[in-house]
Amino acid sequence: MGGACQALLEGFGGIVADEDRLEISPRLPGAWNSLTFRFRYRGRLLEVRATRERTDVHLLAGEPFSATVHGARVELVSRKPQSIPRTW
């Protein structure tokens, strides 16, 4: 089950993570209008909601940090969702 979740997060969710960086660049299948998921990264809980127009990233718990969303560097702080437009 863990492998399936990882495949979904890395595939459709566009998550690339290691110790020093987090990149988020969701890719929706043609029939999907949106995708929402939560995951943990280095002790933080994040929620991502992707649509065809934008991706919203919300740090739900944990220390603020920087991430890359669709190639743009964003600062994620608690209770302040970041909305990043899709650039094709």
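This is a predicted model: local features need pLDDT of at least 70, side-chain atom pairs count only at pLDDT 80 or more; totals for chains, interfaces and linings use all residues.

Reader: Which residues does Glu53 touch, not counting residues up to four places away in sequence?

Author: Such a list leaves out the neighbours along the chain. For Glu53 the list holds Pro85 and Arg86. A distance can be read as well: the C-alpha atoms of Glu53 and Thr36 are separated by 14 Å, and the two residues are 17 residues apart along the chain.

Reader: Where is Pro26, and is it buried or exposed?

Author: Pro26 lies in the loop between β2 (22-24) and β3 (34-41). Buried means under 20% relative accessible area. Pro26 has 1%, so it is buried.

Reader: What does Pro26 touch, not counting residues up to four places away in sequence?

Author: Its contacts are Phe12, Gly13, Gly14, Val48, Ala50, Thr55, His70 and Arg86. As for distance, Pro26 and Gly43 are 17 residues apart in sequence and 21 Å apart in space, C-alpha to C-alpha.

Reader: You named His70 as a contact of Pro26. Where does His70 lie?

Author: His70 is in the loop between β6 and β7. At 16% relative accessibility it counts as buried. Look at its backbone too: phi of His70 is near 50°, which is a positive value in a residue other than glycine.

Reader: Which value does phi of Arg42 have?

Author: Phi of Arg42 is near 50°, again a positive value in a residue other than glycine. Arg42 belongs to the loop between β3 and β4. Its relative accessibility is 54%, so Arg42 counts as exposed, whereas His70 counts as buried.

Reader: How do I read a residue in a strand? Take Leu45, which is found in strand β4.

Author: Ask about cover, then about contacts. Leu45 counts as buried, at 18% relative accessibility. Leaving aside its neighbours within four places in sequence, Leu45 is in contact with Arg38, Phe39, Arg40, His58, Leu59, Leu60 and Ala61. For Leu45 and Ala61, the C-alpha atoms are separated by 5.0 Å, with the residues 16 apart along the chain.

Reader: How many residues are in the largest nonpolar core?

Author: A nonpolar core is a set of buried nonpolar residues joined through side-chain atoms. The largest one here has 19 residues, and those with the most contacts inside it are Leu22, Ile24, Phe39, Leu46, Val57, Phe65 and Leu76. At least two residues of this core come from each of β2, β3, β4 (44-51), β5 (54-61), β6 (65-69) and β7 (72-76). The strand that gives the most is β3, with four residues.

Reader: What is Leu76 in contact with, leaving aside its neighbours within four places in sequence?

Author: The contacts of Leu76 are Leu46, Val57, Leu59, Pro64, Phe65, Ala67 and Gln82.

Reader: How many helices and strands does the protein chain have?

Author: The protein chain has one helix and eight strands. From the N terminus on, the order is α-β-β-β-β-β-β-β-β.

Reader: Which radius of gyration does the chain have?

Author: This value is compared with what a compact globule would have. For 88 residues that would be near 12 Å; the protein chain has 12 Å, so the two agree. The C-alpha atoms fill a box of roughly 35 × 30 × 20 Å, taken along the principal axes.

Reader: What share of the residues is buried?

Author: Of the 88 residues in the protein chain, 35% are buried. The accessible surface comes to about 5500 Å², and 51% of that belongs to carbon and sulfur atoms.

Reader: How many side chains are positive and how many negative?

Author: There are 13 positive and 10 negative side chains, and the centres of the two sets lie 5 Å apart.

Conventions
Residues are numbered from 1 along each chain as its sequence is written. Side-chain values use heavy atoms; hydrogens and water are left out. The radius of gyration is taken over C-alpha atoms; the globule rule is 2.2 Å times the number of residues to the power 0.38. Buried means under 20% relative accessible area, exposed over 50%, partly exposed in between (1.4 Å probe, protein chains only). Accessible areas come from the Shrake-Rupley method with a 1.4 Å probe; for residues, only the protein chains shown count as cover. Lys and Arg count as positive and Asp and Glu as negative; His and the chain ends are not counted. The place of a charge is taken as NZ of Lys, CZ of Arg, CG of Asp or CD of Glu. Contact means heavy atoms within 4.5 Å. A nonpolar core is a set of buried Ala, Val, Leu, Ile, Met, Phe, Trp, Tyr and Cys residues joined through side-chain atoms within 4.5 Å.
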